[in-house]
Amino acid sequence: MFLKLEFQEHKLSSAGLSSATRYLLGILITVLSAALAFVIIRSEKAAPDLATLATNKLNLSGVENPVTAVLLNFRSYDTLLEIAVLLIVAVSILPDRLPIPAATAKIQFLSNMHPHSVNPVLVGLLKWLIPLAIVMGGYLLWTGAYTPGGAFQAGAVVAGAGVALSLAGHHRFIWQTASVRISLSLGLLMFVMVAAANAIITGTTLQYPTPYAGSFILIIEVAATVSIAATLLLLFTQLKAMVEFTMKGNNQ
Amino acid sequence: MTQDLLYSIAGIVLFGIGLFGVIAAAHIIRKLIAINIMGIGVFMVLLATARHGTITDPLPHAMVLTGIVVAVAGTALCLWLALQIHQLDNTTSKDQPQ
Amino acid sequence: MNLNSLLPMLIVLSAFIPGLLIFCTGEQRLWQRRVLNLIGNVSCLALIGLLISGVYAGEVFETRLSLLPEMDLVLHADALSLLFVSLSGILWLLTTLYAIGYLEGTENRSRFFGFFSLCVAATLGIALAGNLITFLIFYELLTLTTYPLVVHKGNAASLRAGRIYLIYTMIGGMLLLAGVVWLKALTGPLDFTATGVLSAMPQLDPGHLKMIFALLIAGLGVKAALVPLHGWLPIAMAAPAPVSALLHAVAVVKAGAFGIIRVIYDVYGIEFTRDLGLTTILAGLAAFTIVYGSIRALFQNDIKKRLAYSTVSQVSYIALGTAIAGPIATIGGMVHLVHQGVMKITLFFCAGNFAETLGIHKVSDMSGVGRRMPLTTTAFTIAALGMIGLPPVAGFVSKWYLGTGSLEVEAYWVLFILAASSLLNALYFLPMLHIAWFKPPIDAWPRRQHALETHWMLLLPPMITTALMLAAGLFASLSISPLSWVELITAREYGRALVSTMVTVNLPLPQLEWIVMIPLLLMLGLLIPTTRRVCIRSAPWAALPTLLTTLFMSPESNTLFDQNAQIILLLAALLWLLAGVYGRDYLANDKYVFRYTLFFLLCMSGSFGLTVSQDLFSFITFFTLMSFAAYGLIIHSGTVKAMEAGKTYMQWVVIGEVLLFVALVGLNIHGGSGTLADINKSAQPFWVSWLLLFGFGIKAGLLTTHFWLPRAHPVAPIPASALLSGLMVKAGLLGWWRFLPLGEVRLVEVGATLITLGLGGTFLAVIAGIIQRNPKTLLAYSTISQMGILAAGTGVGLLMPSLWPTLSSALLLYAVHHALTKSALFLSVGFTPQLSPNSSTRWLLWSTIVMLALAMVGLPLTGGILAKSALKNSASELGWFTQLLPITAIGTTLLMLRFIDLMQRAGRESTVTTTMMTTAAVINPRFFAYGTLVLLAMGTVYIIPQAKLFTADVFSDHALWGSFWPVSIGILIYLIGRTAPARTTPVPENSHERCDFRHPR
Amino acid sequence: MTHFSIMMLLPMTVGLPLLAAIVSVIINSHRWRTSISTMFATIQTLIVILLLLAIPDADGLYRYTLGGWGAPLGIDLVVDGLSLILLLTTTVLVLVLNLYSIWYFSDVATSTRFWPLWWLLVAGLNAAFIAADAFNIYVALEMIGLAAVALVALTGTRTALVAALRYALVGLLGSLCYLLGVVLLYRAYGTLDLAQLATQTQASPLTGSALCLISVGLVLKTALFPLHFWLPPAHANAPAPVSAALSALVVKASFYLLMRFWLDVLNPTVTGITANFLGVLGAAAILWGSFAAFRTQRLKLLIAYSTVAQLGYLFMLFPLALTGSSPTPLSNAAVTAVTYFIIAHALAKAAMFLAAGNILASCGHDKIDKLQGLVCYQPLALLTFALAGVSLIGLPPSGGFIAKWLLLNAAIENGQWWWVVVMLGGGLLAAAYIGRVINIAFSQASTEKSTGPMKTVPERHSLQVNLAMPGLALAMLAILLGFNAQWILNLLEGSIELHLANAGGVQ
């Protein structure tokens, strides 16, 4: 069923299987999901004692928002692994060869391409939009402790700013610089450092001393935001570059 | 038919559709979209369990958040691979027949 | 971890570590590799020596490593494992030496020797394994280490061999694994204990045990090459010679057989297996393999393939021995493990030598190789004879025990299988020997590079193994021999003491050993070129010591040594001496005089030994030696007719050998020590006497088995045919007198057949003899007729035991008289040139010939009258027998007259030049020997002590008249018939009964 | 500061690899990066050995509560004899493959990307082995999956990329199914911790469907027979150390989790029929895998198919452990057997892939029938391949033999003859396809240079020997495993009792 992988868009019959097998497959899956649904309907849900446990433990977690508490305190180990997953994708997509010959000068992460045709409206918009986005990111990061928000949402917004910048076409991001590598791995590095510190302070890893729980969480949140933003931006730019490259290849 | 039960069933249905899509579709992008649909289906069931009448259980929310990030990571990697294959096909497709 | 627990492990490591080190030595560093090899060999042998002395002193050696809770690696040294360990150790040393020589100049030798020592380490491990699991581990390790050896050459054939080898052994391994696991699941840890473990466990259900047994035997059967699983063995011949030598003689095949012994004796216990009824199936399978292997070997033209199939059949002897489940048969089976190993490795060494130096791969292109590589071919011959199971070599011992063992358990069909397989072995080994020795080489052999016939490293191992083989055979009863070691093992396996059933090579009186030794020593002297000339000249005088000892032996000292034998020995000595003198002069300028003297001496020692030997083993040994040596004399002239005669002679001899082997085994049924004294002849089963009758009948030229005699005797050179007719034929007679219960039990049917065949032979031979043209053939027929009379006499002895004492001396007289006169007649044929009309000595020779003829006929004043009358008086009760004797006399006179007639015609035709006929030529030693023989023929009969009984009535008129009228009638008939023969077409030289279509005229 | 016990080091098994990954991302110089990696690998192995020594006095089972919140709310790490043994195998293999990769990835470009991904994969593996929380397992599985996909795509050839993509799709699908199963369990019992789940689950349709979903997810990742199509191309086209790690460890991690769920957590819902069904699939895997391995033309594909076949043996555990006549003592015999098999197979398979890597590197191709005369050019690689082959077939001196012996023993005591036949047949088939390669390798090089230019990367003899040594060491280890099985078994005995004890026995 997985054997057929198509990459050419122009193929008309995009269906992988012959119509007969598709039909049979459809029936089989509907039957299965119906059974599953029936089982779920018949079964009753467990008592929400975990929810009550989480709420009355909230005051110890150093944050008010229960989700952030769960994310960064009760089940912080999951988040640690999750950031590691992000690092995996970032590293695998990181371009290794320098597109331009190694310039003598120190390479900037963000460099101005000085395009000959500059669209004034676009430049004006960017001037306003990008700082706003960054501030908004900061705010989201901060409110994470109290209301839904946090590192991931903030990272996404900041990455949005970067995307806007690269779409404008005036600037180019160079991903071979050391600063990029550091920013990508910053989140995971800080998380591991904090975990190690806690292991020494409180004897068990990831157990924040209750008075300082809030500040530890904040440190992790900031680092995570930086990494998430960098990773998302990297993903977007690299995929865009790939698509442009094949487009150029096509119409040659 | 409480509200969250409805959501759960919707989630299951989405999961089914996604599964069908992954198996049946041939093109890679269709498959990726189908996988995302399945992911969303699972997350819906997860969120449905979070709702206990008045009190909501934060744990499923955290799990969904993590799930989303992981889904994004997986999809990005698959896209990257697909594009690389696509690029290889185009540059070489001229001299070497597919 | 004292020495006792370390030693077995050290032995295995002493082969394992050098192997690993050799892997690392560079390809060019020859000496480092050789040193490593030798260190491994020597240390291993030293440790084995230590182990043997330890076990002998009763210490227990065991290494135990625990692998899993109930599964531990045990290396335990008990008597049985020592047998296999010492065999592997010794043969490993020899094979390494051989391999170094064989692989000189080839590439990746480090790899070869590395795997070589690993393979031996695995074999040692198998030998020392203390329980089934350790056995399995080393069994599989063996497969892995032998595979690279099989594919060493890397060409297509060896790769195919490797692949097939892997398939078979992998399947075998899996079956064995299944069996072992199942057994362990049922019964827990299984250490080998002397009388078997499973019998002690009551609650096991026999169905499971049977299936497990089938699995185990199938797994082991692959390596032991039982029939359905033997396919890989012939194909694995593509491997280099040392590998196939190691595989077939020492490692793989023996491991399988050893495994079967272990499973049957130390796991199941022999009685338990028999109660389960498994032994009969295994025995049947083994028997089928024996016959199948030999038959397949018959049709292989490639030497190594033929040897491979012979291994397939020989290894199943071991399985058969163990499966018969009798103590003696077990000894036979186990001792065959060692004997077959030594013999087979020699065969492969020689095959390797042939392939390496002369490039011979096919049996057909082996012709004349004996001349080019004498030493290797002698080794090959001795080993081949051993494989057939002929006495002096080790093979006979194991076959003997297997035979007696099977009789002990009343499994008669096993005896039949043994006989059939020895016959088949002879059928595919003897032609090879014949081609190698007696056929001229097709094209010139490649030039000789080395001082000896081939590289010294290739020559030394076969020599050593041949010596081992002969030692194991001849000195089997010594304490250190494998046979006594195996008896010790079987005693433990059966839990009760056993009496050894074979005392070998003991002669009654020390000085009698000299009689047999001198000819052999002279023969050895003959082989050395420098002393060859002297030995040829002094060959006849080898008989002198025997003559002197028998003459001056005081009667009372020979209590053990019965009267008849002494007389026959005297007769033999005389005949050998005179024929020898005659022969030396007769063949003075013959091209092959060396070969003639060699066989002459061998034959002499055989006939002396035969008469003198006191036990079954030495009797059959010398009997075989004489028969085979006689073959050399028969084909001496090298003409096509001689070769044909030789072939038929050899066929009959082999059949005779097999019959005698079975008969003597039957005789020894009650497990006596095998000496003549304590085998009670009277209690022999009926079929033994029939076999004895026909076995010795072949030698004595009895009617139905006489076909070879009229062909062989004439073609042989004069002295040889004199000896053949005069003396060797008497060996058959001696055999009858020794082994048939004459004078003890009345065997009616055997006696009757003997008489009828004897007399029938006498009359028919006369008819056939008359129409012959060649005087020697006529004399051969006359021998048949005279022997017929003697046979009839023995038959009478069987019918009327009371008559036997007198009858025996009468027969003796008759035999001695016939021997002397017949050989004299044969020698006279040598003087035909002197009979020509213009020779001056004509009258002298004619007088002697006439006198001999008259003596033959039995006219008064000659020995004949005494012999015939003695026979008549002693058998006086049997009226019709005494009437028949004179009629036989008529027949003899007819023959003698015909002989004189032929001699006269031959004398006329011989156109020899007169110079030859100077008187000096006549009084040469030849005439002197002939003269003494004639005188002896006339007089000796009277001076023999037994003659005293009959001399009284020889001169009575009744006897005179009794001998006169048949002669006159004979002369009358001859004169009438004289004109008739000229018109009839001559009957083909060979016997008239069977016209032989095979030989083109 | 509570008293410092060795068990405190448990989280470091995951922390260390993450740290190593970060370091290898940041540091740019190849030499520094490799030396630090080796250092991390050795430390990691030492820690696991320390844990192994400490586990007995913590009476066989140790629960580490991360963040101090306790089971339902927080996440715990659980480790016992079984998981520690697998951890030790992982660390040892990682150490050896680390050394091999230093010489294998001589060109800087791929190595910059290789090292971080490698360490993240190791982190994921360690996390999976010690995880005690269902959702945490999901994240660890995802981490392993993505890292493995990225590593497979490292070479950049089209076939590798397609294989990686297919592997990624299967990985994602598997994880989602697993996640849905976990969600159902959470919905029914309200807790994610495996131990608590084990005590609370009863045989209800919901748990049954959850078990099905989880099993499908994990079976997809372990590449059992019908769902194995992605494994051969992925493992064959990955670079040598990666394919070694994939075959030896990654596939085993998901099997270990499956084992935990079936034997421990959802045991009450397991029925005889389902266990036998898995057994039948396993048997089919053995036969189909061996048959495919016998037919392929490329060496690495052959080894990959052989992985599919050997996995079949692992699934023999379920019919032997969960059905059959005699109660508990049998099951831990089967579990010990399978664990031993995992270890023996891991070592042997890794050695084989390294050998294949060497052959590919020196010959420029790995078409089997063009490998004549290999024994003269690459003797060490062939020796490694042969020794590993011995362990795979299960011939006596090797670890594979002991494992097969235990499996056969368990099958016979259980009275299920058909598994014995399947296992023996599997052994024979394995002998067939391995024998085929060795037979060709021993043949003399045919006239035309069939093995291609021998001088390709790396020419220098010293580098060749360096490349050969790790593979040979692993093969030797696999063979030596055959001799001192005792201490591993003692360790396993302890852990299984506990498993079964807290799982309330097995029906």
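Predicted model: local features only at pLDDT ≥ 70, side-chain atom pairs only at ≥ 80, totals over all residues.
**Helix packing, a chain contact and model confidence**

The axes of helix 16 (residues 374–388) of chain C and helix 19 (residues 456–474) of chain C come within 10 Å, and they cross at roughly 35°.

**Two helices of chain C**

- Helix 16 of chain C passes helix 19 of chain C in a crossing that is left-handed.
- On the side of helix 16 of chain C, the residues that meet the partner helix are C:Leu375, C:Thr376, C:Ala379, C:Ile382, C:Ala383 and C:Gly386, while helix 19 of chain C brings C:Leu459, C:Pro462, C:Met463, C:Thr466, C:Met469 and C:Leu470.
- Sorted by class, the residues of this contact between helix 16 and helix 19 of chain C are nine nonpolar and three polar, with no charged residue.

**Chain A against chain D**

- The contact draws 48 residues from chain A and 51 residues from chain D.
- Elements of chain A that each give two or more residues to the side touching chain D are helix 1 (19–42), helix 2 (49–61), helix 3 (66–74), helix 4 (76–93) and helix 7 (178–202).
- Helix 4 of chain A supplies the largest share of that side, namely twelve residues.
- The side of chain A that touches chain D consists of 28 nonpolar, ten polar and ten charged residues.

**Confidence in chain B**

- Chain B has a mean pLDDT of 86, and 92% of its residues reach 70 or more.
- Among the elements of chain B, the lowest mean pLDDT (80) belongs to strand 1 (residues 51–52), and the highest (92) to helix 2 (residues 28–50).
- Over residues 93–98 of chain B pLDDT stays under 50, and for these residues the model has two contacts beyond four places in sequence.

Notes
Residues numbered from 1 in each chain as written. Chains lettered and ligands numbered in written order. Contact = placed C-beta atoms within 7 Å. Helix = DSSP H or I, 4+ residues; strand = E, 2+ residues; numbered from the N terminus. Nonpolar A, V, L, I, M, F, W, Y, C, P; charged D, E, K, R; others polar. pLDDT = per-residue confidence, 0-100. Axes fitted to C-alpha atoms, helices over the stretch in contact; angles between N-to-C directions. Left-handed = near helix turned anticlockwise from the far one by under 90°.
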